[in-house]
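The sequence and structure are shown below.

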Amino acid sequence: METIDQVVIRFAGDSGDGMQVTGDQFTNESAILGNDLSTLPNFPAEIRAPAGTLAGVSAFQVHISDHDILTPGDAPNVLVVMNPAALRANIADVPVGGTIVVNSDAFDDRALEKAGYSSDPRSDGSLSQYRVYEIPMTALTQEACKPTGAKPRDAERSKNFFALGVVSWLYTRPTEVTERWIAERYGSNSVVVEANTLAFRAGYNFGETAELFESAYQIAPAEHAPGTYTNVTGNMALAWGLVAASQLAKVPVFLGSYPITPASDILHELSKYKNFGIRTLQAEDEIAGIGAALGAAFGGALGISTTSGPGLDLKSETIGLAVSLELPLLIVDVQRGGPSTGLPTKTEQSDLLHAMFGRHGEAPVPIVAAMTPSHCFDVAIEAVRIALKYRTPVILLSDGYLANGSEPWRLPAIEDLPDISTTFATEPNAESDSGEPAFWPYLRDPVTLARPWAVPGTPGLEHRIGGLEKADGTGNVSYDPVNHETMMHLRAAKIAGIAKDIPLVECDDPTGDATVLVLSWGSTYAAALAGVKRVRKTGERVAQAHLVHLNPFPSNLGDVLRRYPKVLIPEANLGQLSKLVRAEFLVDARSLTNVRGEPFHVAEVQQAIHDLLDEVRGKAASEPAPSAEEAGRS
Amino acid sequence: MTDVAVPVTARKDWMSDQDVRWCPGCGDYSILAAVQFLLPELGIRRENTVFISGIGCAARFPYYMNTYGMHSIHGRAPAVATGLAVTRPDLDVWVVTGDGDALSIGGNHLMHCLRRNVNLTILLFNNQIYGLTKGQYSPTSEVGKVTKSTPFGSLDTPFNPISLALGAEATFVARTHDMDRKHMMEVFRRAHAHKGASFVEVYQNCNVFNDGAFEQITGRAHREEMLIELEHGKPIRLGVDGHRGVIMDAQGRLKIVEVADVGEDALVVHDEEREDPGLAFALSRLSRGPYEPTPIGVFRSVERPDYGSLVDAQVLAAQARRGPGDLELLLKSGTTWTVG
């Protein structure tokens with residue numbers, strides 16, 4: 001038994017091979033064992049692309065370690081492939097010397113041809129620089145499943161559990177977790193339970209007895225703070241955060257949404273929680289989803305609409321109405337590759353400027369962004385807090401990587417969660433010309449500039465609101481030019497004023513004399529911080545800060561940025577936060593961009609920081625950065 | 001909500017303090033008056049009444065009602081109203097819309113709120129023209145309509161709003177017109193009393209851009225011979241002393257005949273409660289336009305659980321089965337492990 005500190009494993013196969021299940025289960029085994037971990041599912045937009053083709057390859061990468069890690073890993077140390085297409089699609093990512101576990105039964109001529117191989121890569125020398133383990137997984141699975149009486153063609157479908165068994169042995173994972181999960185998941189079909197269990201055990205035993213591998217590996221548990229943990233994806237944490245926000249605010253959730261990848265899971269999750277008084281509507285389209293959420297908000301509910309990509313375009317007009325109506329509303333945008341349909345299952349951060357400016361007229365909207373899968377929980381509560389307190393639509397940005405990626409999460413104590421309860425208007429707040437009590441829907445709170453939330457059913461507060469410009473105070477329709485100017489400034493000031501009510505941005509600059517600041521937002525947090533840590537290990541000084549609030553910015557952001565000659569902003573777009581920061585603060589903010597549909601590699605952030613450090617010192621930025629080994633682990 | 005009896009109100013109590021700004025002579029005035037005269041008779045509270053509209057001339061309606069109201073965006077009123085009605089079953093939610101708003105830009109939402117049977121009362125003011133944008137043809141304009149955007153005549157076949165509502169699984173479908181306050185009030189009363197989505201098409205004259213569109217059937221001189229008042233359980237008749245009537249011929253088509261020629265027993269008896277919408281649909285196609293004898297009144301009124309009640313039932317069932325939500329249990333619902 002050899003002890004290692006971390007490993008990155010990628011399971012890859014055909015869309016129908018069950019690679020996501022395999023990856024999920026390996027993750028669960030590792031979580032229970034106490035390793036720190038980070039995952040990256042990667043699957044095609046097509047449900048079942050033609051079997052055996054490159055287009056149909058589905059993969060799941062998991063990074064496990066005995067210490068705190070931030071990212072799912074730049075490159076897999078171990079690649080498990082169920083067919084030739086999976087090998088061809090992923091081999092370029094495996095560093096020389098890496099381990100490849102192959103289902104050799106899948107490498108027949110037809111499969112090789114479908115994958116575009118003219119010769120068998122196992123024998124033509126193209127894998128000579130890797131450690132290749134060939135296992136006839138299909139045949140061994142069929143053999144193992146014989147006692148179930150399943151036909152060989154059906155038994156073959158359990159081969160992903162055989163693969164999971166092999167890798168579970170290789171990394172000394174506990175088997176009970178998966179066996180229990182199989183029994184629960186497939187409980188209604190005893191043949192499937194038996195077949196999957198037998199295949200899993202056969203794979204595990206094969207690893208132990210076949211003497212194929214030199215040894216099994218052990219990865220000690222990571223040091224985690226005391227507490228109760230669970231493994232969450234971003235979408236799950238976000239859905240739970242919305243449930244929590246509803247409870248903390250004492251306002252029932254109404255979710256109006258239209259199915260769209262990769263946001264649909266939030267709709268699925270919330271649809272289950274009816275006992276929390278949550279009402280969900282799968283609307284006829286994106287527009288109806290947010291329209292219904294806004295109607296529910298008018299009635300005193302916590303109106304939410306979740307979407308992605310093109311769905312955000314369709315919601316723009318209603319977000320503008322919500323800005324004018326000054327009603328609380330939450331829009332969750334799980335960003336994916338664009339433009340148009342773009343890359344539905346791949347991650348990107350290219351909706352920031354859309355969230356910021358994507359409405360006609362001046363229609364400012366607060367924006368918050370999640371930084372890790374579990375942070376989706378906290379940011380959901382923060383978004384709801386702002387929406388309720390300031391009676392405004394809020395856009396919460398997540399992304400495809402956070403949505404489907406997972407990490408261990410220490411569960412918060414319920415009593416430590418913030419009180420975000422709100423108040424409804426119950427009494428008239430003004431007098432009519434004749435001295436009668438009157439209700440002015442646009443009479444603002446002097447501190448927050450928020451207007452009262454008076455819901456139908458409240459006697460004496462009957463009022464009409466709409467998208468036409470309203471008179472300051474009374475809320476009656478007004479075309480008066482001076483009033484319009486007043487209202488434009490009031491709406492802007494209300495959103496800008498939220499800066500007084502959010503935390504300052506924290507800048508980590510251990511020596512206090514760094515010349516380069518790395519500023520991240522959203523899911524680039526992980527790669528940015530890991531890159532900073534690696535650079536610091538080379539003895540360089542670099543500062544790091546992260547933004548959760550993107551509109552308004554924290555009030556000290558300008559001061560922080562101006563302390564550094566150079567600011568590097570890694571972002572999965574073509575330079576959106578850097579535009580905002582340059583426009584707002586006149587600082588030399590550089591973008592490091594990545595629009596490949598996957599998270600940043602730590603190495604590229606590291607390289608970019610070194611380049612910028614060189615630039616500050618007046619050197620050419622061409623020398624390669626120290627390798628990850630030299631720089632130490634991330 | 002209190003147990004105190006609903007206060008007695010009069011029309012003026014339902015009028016807001018805002019000046020009504022439709023063009024002088026617009027049919028919208030008489031519809032507004034009919035609603036404001038009716039509401040005091042319904043035993044409902046102002047604070048529990050909400051008017052939601054989209055965009056268009058008709059959509060200014062909520063501003064003139066001393067109730068809660070929202071003037072939303074073009075075509076989306078049924079969607080906004082759906083969210084409100086589903087979360088607040090205690091409210092009376094009305095949607096006021098027009099032919100462009102409901103059938104063109106918002107056609108999708110109208111269809112879906114009808115099939116869901118959301119508890120709404122939907123008044124569609126049909127004037128067969130775009131008024132607020134100053135006179136373009138609408139999805140109910142007749143083919144060949146010459147307007148600013150169709151100088152050589154419009155080419156597209158119009159919608160028949162009643163047929164459309166019936167095809168969209170509406171449970172209550174009716175038609176009335178702006179020249180007859182009493183008829184409007186009765187139809188609106190029925191629509192309000194119906195639990196679920198009630199759809200009412202109101203023929204409404206736009207005296208600026210499409211004056212007299214319905215004159216041939218709703219004008220006082222023509223009404224008796226041209227409007228067919230549908231009455232549940234009664235033979236369908238029209239004209240002075242009901243001298244004409246509607247029969248179904250051997251091919252299943254509805255036809256207008258002289259009652260004297262066929263005998264009263266041959267007439268179709270109106271049945272608004274019939275589950276099969278076929279006859280109601282045939283009645284909606286009896287007239288090809290507002291120049292032929294046209295049925296008004298209630299085409300269809302059937303019972304089907306409204307959407308909000310079904311949603312509530314699921315929520316209550318979940319709470320009865322699993323108890324009220326417990327956040328801590330929820331967070332621990334997956335696999336958990338303890339450190340330290």
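## Interface between chains A and B

In this predicted model, the contact draws 53 residues from chain B and 58 residues from chain A. On the side of chain B that touches chain A, the elements supplying at least two residues each are β2 (68-71), α2 (77-87), α4 (107-116), α11 (307-322), α12 (327-331) and β12 (336-339). Of these, α2(B) gives the largest share, 8 residues. Sorted by class, the side of chain B that touches chain A holds 22 nonpolar, 23 polar and 8 charged residues.

## Strand pairing across the chains

Strand β19 (residues 464-466) of chain A is joined to β2(B) by 3 bridges, and the two strands run parallel. A:Arg464 has B:Gly69, in β2(B), as its bridge partner.

## Packing of α9 and α10 in chain A

Within chain A, helix α9 (residues 234-249) packs against helix α10 (residues 264-272) at an angle of about 45°, and their axes lie 9 Å apart. The helices α9(A) and α10(A) are therefore oblique to each other. The crossing in which α9(A) passes α10(A) is right-handed.

From α9(A), the residues in this contact are A:Asn235, A:Met236, A:Leu238, A:Ala239 and A:Leu242, while α10(A) contributes A:Asp265, A:Ile266, A:Glu269 and A:Leu270. By class, the contact of α9(A) with α10(A) comprises 6 nonpolar, 1 polar and 2 charged residues.

Terms used
Residues numbered from 1 in each chain as written. Chains lettered and ligands numbered in written order. Predicted model: local features only at pLDDT ≥ 70, side-chain atom pairs only at ≥ 80, totals over all residues. Axes fitted to C-alpha atoms, helices over the stretch in contact; angles between N-to-C directions. Helix = DSSP H or I, 4+ residues; strand = E, 2+ residues; numbered from the N terminus. Parallel < 35°, antiparallel > 145°, perpendicular 65-115°, else oblique. Left-handed = near helix turned anticlockwise from the far one by under 90°. Contact = placed C-beta atoms within 7 Å. Nonpolar A, V, L, I, M, F, W, Y, C, P; charged D, E, K, R; others polar. Pairing = 2+ DSSP bridges.
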